[in-house]
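Colleague: I would like to learn how to read a model residue by residue. Can we walk through one together?

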Amino acid sequence: MSASSAANGHEVAKAFDGQLSTYWKAENANSKAFITININSQPTIDSIIIRPSNNDLTGFPVLINVYGNSGGTNDLQLIAKFVRHETPSTDGVAYSFSKPLSLHTLKLEFEQVYPLSSKSVIQVFFVFCLVW
């Protein structure tokens, strides 16, 4: 896995360690921060669940572009765009695909984060899991 950047002490692996007290955080106010995940076993992915770290919604993604490929090429295709219009829940948000996906590579690009009124808070931190 890789990320567009990471703040010191908030490496991308911390988004996947299962701990609500740790998280990945983009290094700066990058409006197109992203995480790319290479999936060796090519599972079928039904949804993405994103939970805020320590119930802090600042930096929670509300506009996500999802890219992926199913092998045979390195080109990533836009698969879905998820938009959250309401204030995110501290319990997390599940984004479901219209049909299950079987992917080798998954890239999540965070175009906008909460709170929407603050341009200085384009940072993403969350606990992330894929449902397959």
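Modeller: Start with a charge and a ring. The charged end of Lys107 sits over the ring of Tyr67, 5.6 Å from its centre. A charge sits over a ring if NZ of Lys or CZ of Arg is within 6 Å of the ring centre and within 35 degrees of the ring normal. Some ground rules: this is a predicted model, where local features need pLDDT of at least 70, side-chain atom pairs count only at pLDDT 80 or more, and totals for chains, interfaces and linings use all residues. Residues are numbered from 1 along each chain as its sequence is written, and side-chain values use heavy atoms, with hydrogens and water left out.

Colleague: Over the face of which other ring does Lys107 lie?

Modeller: Phe34. Lys107 is 4.3 Å from the centre of that ring.

Colleague: How do I read the strands, and in what order do they form the open sheet?

Modeller: Strands of a sheet pair through backbone hydrogen bonds, either parallel or antiparallel. Strands (E, at least two residues) and helices (H or I, at least four) are DSSP runs, numbered from the N terminus. Two strands pair if DSSP finds at least two bridges between them. Here five strands form an open sheet, E1-E2-E7-E4-E5, with antiparallel pairing. E1 and E5 stand at the edges; each has a single partner strand, so one side of each lacks a neighbour in the sheet.

Colleague: How many bridges join E2 to E7, and how many pair E4 with E7?

Modeller: Six for E2 and E7, running antiparallel. Eight for E4 and E7, also in the antiparallel sense. Now look across to E7. Phe34 stands opposite Glu109, Ile37 faces Leu106, and Asn69 is opposite Thr105.

Colleague: Is E7 mostly covered or uncovered?

Modeller: Mostly covered. Seven of its nine residues are buried. Buried means under 20% relative accessible area, exposed over 50%, and partly exposed in between (1.4 Å probe, protein chains only).

Colleague: Take Asn38. Is it buried or exposed?

Modeller: Exposed, because its relative accessibility is 53%. Asn38 belongs to strand E2. Contact means heavy atoms within 4.5 Å. Beyond its neighbours within four places in sequence, Asn38 is in contact with His104 and Thr105. Its side chain also joins that of Thr105 in a polar contact of 3.2 Å. A polar contact is a pair of N or O atoms within 3.5 Å; within protein, one must be able to donate a hydrogen and the other to accept it, and residues adjacent in sequence count only if both atoms are side-chain atoms.

Colleague: What about the loop between E1 and E2? Why does Ala7 count as buried?

Modeller: Ala7 counts as buried because its relative accessibility is 14%. Ala7 lies in that loop. Setting aside residues up to four places away in sequence, Ala7 touches Lys25, Ala26 and Glu27. Ala7 and Ala26 are 19 residues apart in sequence, yet 5.6 Å apart in space, C-alpha to C-alpha. Ser5 is in the loop between strand E1 (2-3) and strand E2 (33-38) too. Its relative accessible area is 15%, so Ser5 is buried.

Colleague: How many residues has the largest nonpolar core?

Modeller: In soluble globular proteins, nonpolar side chains tend to be buried together. A nonpolar core is a set of buried Ala, Val, Leu, Ile, Met, Phe, Trp, Tyr and Cys residues joined through side-chain atoms within 4.5 Å. The largest one has 25 residues; Trp24, Ile64, Val66, Phe82, Phe97 and Leu106 have the most contacts inside it. E6 gives the most to this core, with four residues.

Colleague: How many aromatic pairs does the count give?

Modeller: Three. Rings of Phe, Tyr and Trp (its six-membered ring) pair if their centres lie within 6.5 Å; planes under 30 degrees apart count as stacked, over 60 as edge-to-face and the rest as tilted. Phe82 and Tyr95 have ring centres 5.1 Å apart and planes at 35°, so the pair is tilted. Both residues, Phe82 and Tyr95, are buried. Phe82 and Phe97 form a tilted pair as well, with 5.5 Å between centres and 55° between the planes. That pair links Phe82 in strand E5 to Phe97 in strand E6, 15 residues apart. Ring pairs join Phe82, Tyr95 and Phe97 into a cluster.
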